[in-house]
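Work through the exercises below with the model open beside you. Try each task before reading its solution.

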Number of protein chains: 2
Amino acid sequence: MENQPAATFTHPLAAAELDLIDRYWRAANYLSVGQIYLLDNPLLREPLTVEHIKPRLLGHWGTTPGLNFIYAHLNRVIRNRDLNIIYICGPGHGGPGMVANTYLEGTYSEIYPDISTDTDGMRKLFRQFSFPGGIPSHAAPETPGSIHEGGELGYALVHAYGAVFDNPDLIAACVVGDGEAETGPLAASWHSNKFLNPARDGAVLPILHLNGYKIANPTILGRDTDEDLRHLFIGYGYEPFFVEGSDPHQMHQAMAATFEQVFDRIRAIQAEARTGAPGNFCPRWPMIVLRSPKGWTGPKEVDGKKVEGFWRAHQVPVSNCRENPSHRKILEDWMRSYNPEDLFDTDGRLKEELRALAPAGERRMGANPHANGGLLRRELVVPDIRDYAVAVSERGRTMAQSTEILGHYLRDILTLNADHANFRIFGPDETESNRLGSVFEVTNRVWMEEIKPYDVSLARDGRVMEVLSEHLCQGWLEGYLLTGRHGLFSCYEAFIHIVDSMFNQHAKWLKVSRELPWRKPVSSLNYLLTSHVWRQDHNGFSHQDPGFIDVVANKRADTVRIYLPPDANTLLWTGDHCLKTYDRINVIVAGKQPELQWLSMDEAVKHCEAGIGIWDWASNEQSAVEPDVVMACAGDVPTMETLAAVDLLRQNIPELSIRVVNVVDLMALQSKQQHPHGLADEVFDGLFTPDRPVIFAYHGYPYLIHRLTYRRTNHRNFHVRGFIEEGTTTTPFDMTVLNELDRYHLAIEAIERVPGLKEKAQDVIKLFRDKLEEHGRYIRQYGEDMREISNWKWPYNGGGDRLS
Amino acid sequence: MENQPAATFTHPLAAAELDLIDRYWRAANYLSVGQIYLLDNPLLREPLTVEHIKPRLLGHWGTTPGLNFIYAHLNRVIRNRDLNIIYICGPGHGGPGMVANTYLEGTYSEIYPDISTDTDGMRKLFRQFSFPGGIPSHAAPETPGSIHEGGELGYALVHAYGAVFDNPDLIAACVVGDGEAETGPLAASWHSNKFLNPARDGAVLPILHLNGYKIANPTILGRDTDEDLRHLFIGYGYEPFFVEGSDPHQMHQAMAATFEQVFDRIRAIQAEARTGAPGNFCPRWPMIVLRSPKGWTGPKEVDGKKVEGFWRAHQVPVSNCRENPSHRKILEDWMRSYNPEDLFDTDGRLKEELRALAPAGERRMGANPHANGGLLRRELVVPDIRDYAVAVSERGRTMAQSTEILGHYLRDILTLNADHANFRIFGPDETESNRLGSVFEVTNRVWMEEIKPYDVSLARDGRVMEVLSEHLCQGWLEGYLLTGRHGLFSCYEAFIHIVDSMFNQHAKWLKVSRELPWRKPVSSLNYLLTSHVWRQDHNGFSHQDPGFIDVVANKRADTVRIYLPPDANTLLWTGDHCLKTYDRINVIVAGKQPELQWLSMDEAVKHCEAGIGIWDWASNEQSAVEPDVVMACAGDVPTMETLAAVDLLRQNIPELSIRVVNVVDLMALQSKQQHPHGLADEVFDGLFTPDRPVIFAYHGYPYLIHRLTYRRTNHRNFHVRGFIEEGTTTTPFDMTVLNELDRYHLAIEAIERVPGLKEKAQDVIKLFRDKLEEHGRYIRQYGEDMREISNWKWPYNGGGDRLS
C-alpha cells in the first residue's frame, strides 16, 4: 500500500481561470437559491418584494453549494481531459444544484425548451422547483443526467458501480453525503471495488462530501478525525485524498489540484490493467473526502443563531421571508452576494465566457447518454427456448429442476451476448445453490481479490456477481440497467424483502421515467425468486416468507408483473419473456428442487401467453355443464398438491366433476380496468364459473388472491389456501400440511364446499383425515414423507383421459 | 490512536488447562457433528451403520467449530473473572454449536428436561436437530441464551449493542461471520461504538470470525490482508486483535492470551469512564479478528476434493453416508477423532473435570437472564394520558399537532422511568422533525464523538438514539427489547420499508417465543410512523409509500396491531396502550402537521377502546332507519376529507342520510376468527349496514381494506379510496386530489352510489367537478390551496346537530 499524503495544495489554477470557475460556481449557487425562494424577479433587477417570494418555501440548501462546487470542477477536468463522466448525486435534496448546473450547461433547456436560457426561462426554472406540478427537490428522473433518485438514501455508490461495469470508458463521479454514509447499504457499497475490473470496467470516483450534519444532528463521519477516516478508507481499499476548508479561492485550488491527482491515478490504474499483463486487479482506487461547510456561502447567522456550517442550513436557511422584512433582507443580500450582473447578461443568459466552461455536447454531464441508458440499450440476443425444453411425454411423471433448465438458457444468453458485454447475473452467493450452475460452463464469478489455485468458477472477468448483500446485488443491477444493459437477480424468496424499499424506489423511478418522453426505455428488472417458502426444508421458519409478491402488487399495474410458472417449460417461457421486456419489474417465483413436469413446450407457450387456463387433461368435467368444483392453483408446489388432490378426488369420488385452472401470470386475476393483463369479466367467469366453489391453492399469503379477485362475480365462492405463517424445519410435504395447503386439506375442502356432497362422502373425508394423521405419525418417527407421498405421480397418462 | 500490535502469543494456559479446554471444545464439536448426522448410536459405542444415520442430512458444519472454540474460551474468562456475558451468534446456521454448548453446560436439559444429560438425552439431542418437529439449524428462540436469530444475516452486532445499552455490567460477545460482514446493516453496525457510553452502558466485544467462505465463494474480508483489516477496524474506531491459525494447541494459547488482553482493556475503559471525570467517551474498544479454517477439525478432503478450509465444508461436509460406505467411514473416523470416550462417561454424561469448566448458574451463557429479557422486564411507569389531552370544546375547529402532544407524554415517561434507565426513543434523525421535540426538555440525543459548544440537545447520556440508518434503529431497539426494556421507533412512513425484512424476522421471533413457556414476555416493538404519505409536501413521490402496513398485516394476528388515530387525543390513547403491551409489534400511523381535532379525551378513550365506531355528531341519519350511505374513514387525512365531504353533502343535499364510521384499529375490520380484535359479523353489519353503499377513505393502498373485509355481508358495496401511487411535490390537499381521495371525489362517489340519487343531483355533481377544476387551476398558478380548502373547519358545532 502506498502511503498517500493529503492532497498537495499546489495552485493549478491561474488567476483568470480561478476567477472564471468561481463565477461559474456562484452562478450555480445563485440559481439554486433562486429555485428555493423566488416566484419572480429572477435576476433581482428590482428590489425583492413579498410577491417575488414563494408562498411555501420547500427546498434544501445545505448540501447544494458543495454539489455545485464539485460539478464546476468536474466540468473543468472533462473539458481538459475529454473525459466521459456521469454525476451521481447521492445527497438527498441536492436537486437545486443538479438542476442549476444542467441549466447552465444548456442541457436543461434542450430537454425542456419551455425552461429557456433567458430571463423568462429562469423565472420558470425557479417557479417549478418544489412547486405543485413542478419538480422534486432531489435528483430524480426529471433531472437530466441523473440515474439516481436522491430521495431515499443509501444507494448512490452501488448505482455508480453498476453504471460503470462493462463501460471501460466511463467514470462515475459519485457524491456521497455524510448522512447517507451512515446507512447500511452505503457502508457495504465501499467494498464494490473488489468487483470492479480495471481492464474491463470503467471507474468510480467516490467523493465523500462531509458537511457535518444531517437534519438536526452531526454525522458520524463528519465528526470523525481525518486520521480515522484515512484508516477507514484505506481499510476499504481506497487511497483517500482530503480537500478541506471554507475559503472559496483556496478550496478551488485544492479541488483542482486534487482532481488532477485522482484523474491521473485513475488513468494510470487503467493503463496498467489494460496492458494485458497479469497485474494487480484490486488497485487502490482514489476517493476524495471533501469537507466543506453545510450551507456554504449562505447566511452565517439568522436571528442570532448559527446557520452556515451547521444543521440549520439543511433546508431553508432563512424562512418567513414574506412575513419578515429583515429575513427578506437577509435573502436579498445573500442572493446579491453572488453578484448576478457579473454572471448573467441582460437577457438572463449565462455570460459567454462562463458558458465556455461547460463541456460540449454529450460530454456535458446532463447530456451524457449513459445517464439515459435507453439511448444506448441494445436488444438482448436470446436463443429459442424450444432448444431447452424438457420433453414431457407423460405429464406428471418426468422430474426436472426448473431453475436448472433455465440455467442452460441463461448460459447461452451469456455466450450469445458475450461480444456486447451487456448481460450479468446478480445474486447473494446463490447462483449454484439456486441450480443455475450451468452458467459457470461459460463464465465465472467476478472477483478481484486474491484467487487461490483451488478456487472454483472465480475469475477477473466473470459475468456473475455474487456478494452476501441483497442491497449490493439490487443496486448494482439498477445501475447496470439504467445505463442500458440487461440482467437478472436470483435470490432466496424470503430475503428479497431486504430490498423491498429499493424495489419501491426503482418502481417509482420507472413510473416517472415513463412519463418523460426524453427518457428512453430501459430493460426490465427481473427477479428470479427461488429457494422459496415451500422448499426451505433445512432452513426453517426464518427462511419462509412469500410476502415480496404483496409489496410488488401494490405498485402500478403498468410497472409490475408477477409470474408463478409451475414447471420447467413454463419457467423457460417466463424467463425468456421477462428478459425481452422493458421499463418493468418482473418477479418470477419458481422452485429449484426436482419436481414433476406438466406441460410440453407447445402447451407451455400457449398457457403462458394466456397467463391462465383450464388444464383439460387434469379435469374430468363434462363439456356440456359446469363442473361441480374448480380446483385452481398458482405456484409449483400448490400446483402439485392440487393435482394430487384431484387424483384423490377422482379415485374416491369418480362422479365428481372437477375443473383444474392454473395461473401463471398473477395479474390475469385482476380486472382489465386494474391491470393490462387482467381478464375481462366474461372470460374470468368462463374459467371460474359464476357460482361453483373454487378451491384455490396459492403460493403466497392467501389474502392476495382475494384482493385481486374481490370484484369478480364468483368471488364469494373463492376459498384460498396459502402460507399462513406456519413453518419450521421439516419435509416439503409437511410444510404444506402445516399450512393446510396439502392434497388432503384441498380435497376435503372441495368435498365440503360442493353442495350436498359432504354428507354423502363422509367416509372419504374420514379416509383423508386418517391419512393426515398417519402422515403426522410417520414423519415424527422417521423424518421423511411416506412413500405414497414422495413417490406420487400423476396416474392418468395414456388412459382414457383427454390429453391435449 | 494507539498502534496496537497483533496479539502477543504468550502462553497463558498451563498444559493441564490446555488439555481440558481442548477436550471441552472437542466435546462441543462431537455433539455438533452428531446433531447433523446421527439418529442413534450417539456415543459410537458400536460401529456406525446405515440405521444410525439420518435419512436427510440437513445442517451446517462450516462455522460451528469456530463458534465452539469461542464459547469454550468465553466460559474460561467468565469463570476466571466472574463476568456477565451473553453470546450473540451471528453466523447463519451456527445452531449445532450453540445447542451443543448449552447442553454441555447443563442449561439445555434444565429447559428441556427430555433432552437429559445422558445417552438417551444425547440421542434425542441429535435426532431433533433439523428434523421435522425439531429445532432449526441456526440460533433461534428455541436456543437457550440467544436473543438473535441466525437465519437472515446482518443484525448480530446491532442486537449486541442494543442488549448492552443501559446494562453497565453486561458484555455481549458478538460473533460476526465473514459472510454476514458483507451485508449493509452489519457494515454500518460497526459505528454503533459512537453511541455506547462506557460509563452508563455495558460493552460489546465483536469477534469477526473469518473462515473465508460463504456457500460457494470466498468472502471479501476473508481475502483481505490483515493490514487492510487493521486499517478498516481502526477506521471504524476499534482496536483490532488478531488470532489466526489452525493448530488447536497454538490457537488455544493465542485465544486465551487475547481474551486476557481484551477483557483487561474493557475493564480499563470502563473503570476510567466510571470515575466520573470528564474523559474520552469514544474509546477505542477492542475487537478480535479470528481466522480459523472453515469446517475446522472436519474431513480434510472428500472424494479428492478439498473440504476443510474451503466452502465445501459449509453445510454437510460428507454426504450420502447411508448410501456410500466410504463416506460413512469418513464420518465415523471424523467423529472418533474427537475421542468420545475421553469426553463422556459411560452414561453419556460429560466427564466431571470437563463439567467444571462451565460457569455456574446464571453465569452460564445459556442461562443468562439478559438473553430471556422478560425475566428482567420491569413495567414501564406511565403518566395519565388525560394530563396531556387537547381540549376540544368545538370539534373540527381546534388545530393541534398530534405527535407534538404525544411528545409531551413521552417526555414525562422519560422522567418517570429515569431511575430505571429502561426506555429509549430511536429514530433516523427525525425526533425533532417528527414533532416529538419536547422530549429534549428532559433528555438529549446520545453522542460519544466530539460535542461542539453550539450543538443542540446532544449529550453523552441522552436517551434518544438518532442515526441515519433505519437498520441500526430497528436492530438496537430489538436488542434493547429482547433484554427486557422498552422503546419507541419513530420513522418516516415511506422509509420504514427499509426494515421490512427485520420486521418480518422479529415477528417470527415473537411468534416462536410465545410458543415456548420458558421465554418470558418482552415489551412490544412500537413504531410511530409519521411524516406520512399524505404530508410529504416538499419531499414528493420518493417519500410517499404507505405499504408497510400491508407487510405487517401479513403477519400472524396474535403478533401485529395497526392503529390509525385521527387526532391528538386518539394518538395519546394509542401510544399509551401500545407501550403497555408485550410480545407484539404495534404500528401507529399519525400525522405531525397541524390538524383539526375531533374528539375529547373521554370520547377518544371510548372510541379507541372499541377500535371503530359511528361518529354520531358527524352523521345526520335518523335512528329509525338505515342511512342512505356510510362514509367510513381510517387515518387522519382521510378522516378530515371524509368529514369535509360529509359537510359538502349535508350542505348541498340536506335530505341525504349519512352515517360516519371511523376506524382506529385496523384489525377490527377482520373477522373474529381471523384476529382477536375482529368484530363479530353482527356488530360489523350494525356499523356498515348489510346493504348500503360504503365510501371508505383509507390512509394506505385501498386493496388492504378489501382484503380485510371480503368475508363481510356488505363487502360488495365497499368502495375504497386510498393511495394509488400518484404523488409528487405538491400541497397536502392536492395530494388527495391526485389520488382521488379528496372531499369532492368522496362526495361525488357517495352521490353516485346511492341508488337513484345521481340523476337527481346532477347539479351538485357538476358543482363539485367544477370545484376540482378550479382547484387545479388555482394551485398550478399560486402553488397554494384555495382559502376555502385550507380554512375549512367543521361547521356544525353548537347548531342543531347532535353532539355527544
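Helices (H or I, at least four residues) and strands (E, at least two) are DSSP runs, numbered from the N terminus. The model is predicted: local features need pLDDT of at least 70, side-chain atom pairs count only at pLDDT 80 or more, and totals for chains, interfaces and linings use all residues. Residues are numbered from 1 along each chain as its sequence is written, chains are lettered from A in the order in which they are written, and side-chain values use heavy atoms, with hydrogens and water left out.

**Exercise 1. Describe the fold content and overall dimensions of chain A.**

Solution. 
- Step 1: count the elements. Chain A has 26 helices and 22 strands.
- Step 2: take the extents. Along its principal axes the C-alpha trace of chain A spans about 95 × 65 × 45 Å.

**Exercise 2. Locate the domains of chain A and characterise the interface of domain 1 with domain 2.**

Solution. 
- Step 1: Domain 1 of chain A is made of 59–108 + 131–318 + 353–369, domain 2 is 385–595, and domain 3 is 614–791.
- Step 2: The centres of domain 1 and domain 2 of chain A, taken over C-alpha atoms, lie 31 Å apart. Contact means heavy atoms within 4.5 Å. Domain 1 of chain A puts 33 residues into the contact, and domain 2 of chain A puts in 32.
- Step 3: get the area. Buried area is the accessible area (1.4 Å probe) that two parts lose on being put together, summed over both. Domains 1 and 2 of chain A bury about 2700 Å² between them, with 64% from carbon and sulfur atoms. In domain 1, P141(A), F195(A) and R200(A) lose the most area to domain 2, together 25% of what that side buries.
- Step 4: A salt bridge is a side-chain nitrogen of Lys or Arg within 4 Å of a carboxyl oxygen of Asp or Glu. Three salt bridges join domain 1 and domain 2 of chain A.

**Exercise 3. Which residue pairs with R386(A) in a salt bridge, and where do the two sit?**

Solution. 
- Step 1: find the partner. R386(A) meets D602(A), at 2.4 Å from N to O.
- Step 2: R386(A) is in the loop between α12 (352–355) and β8 (399–401) of chain A, and D602(A) is in helix α18 (residues 601–610) of chain A. The pair links distant parts of the chain, 216 residues apart.
- Step 3: The structure holds 118 salt bridges over all chains.

**Exercise 4. Describe the interface between chain B and chain A.**

Solution. 
- Step 1: count residues. 123 residues of chain B contact 123 residues of chain A.
- Step 2: get the area. The two chains bury about 10200 Å² between them, with 54% from carbon and sulfur atoms.
- Step 3: count the charged pairs. There are 14 salt bridges between chain B and chain A. E726(B) forms a salt bridge with R556(A), the closest N and O atoms being 2.5 Å apart.
- Step 4: name the elements. Those giving two or more residues to the chain B side include α15 (500–514), α21 (703–709) and α25 (762–782) of chain B. α15(B) gives the most, with seven residues.
- Step 5: sort by class. Ala, Val, Leu, Ile, Met, Phe, Trp, Tyr, Cys and Pro count as nonpolar, Asp, Glu, Lys and Arg as charged, and the others, Gly among them, as polar. The side of chain B that touches chain A has 47 nonpolar, 39 polar and 37 charged residues.

**Exercise 5. Where are T297(A) and S457(B), and what is the phi of each?**

Solution. 
- Step 1: T297(A) is in the loop between β5 (285–291) and β6 (301–302) of chain A. Its phi is near 75°, a positive value in a residue other than glycine.
- Step 2: S457(B) is in the loop between β10 (445–446) and β11 (458–459) of chain B. The phi of S457(B) is near 50°, a positive value in a residue other than glycine.

Definitions and conventions. Domain bounds come from an automatic or database domain assignment.
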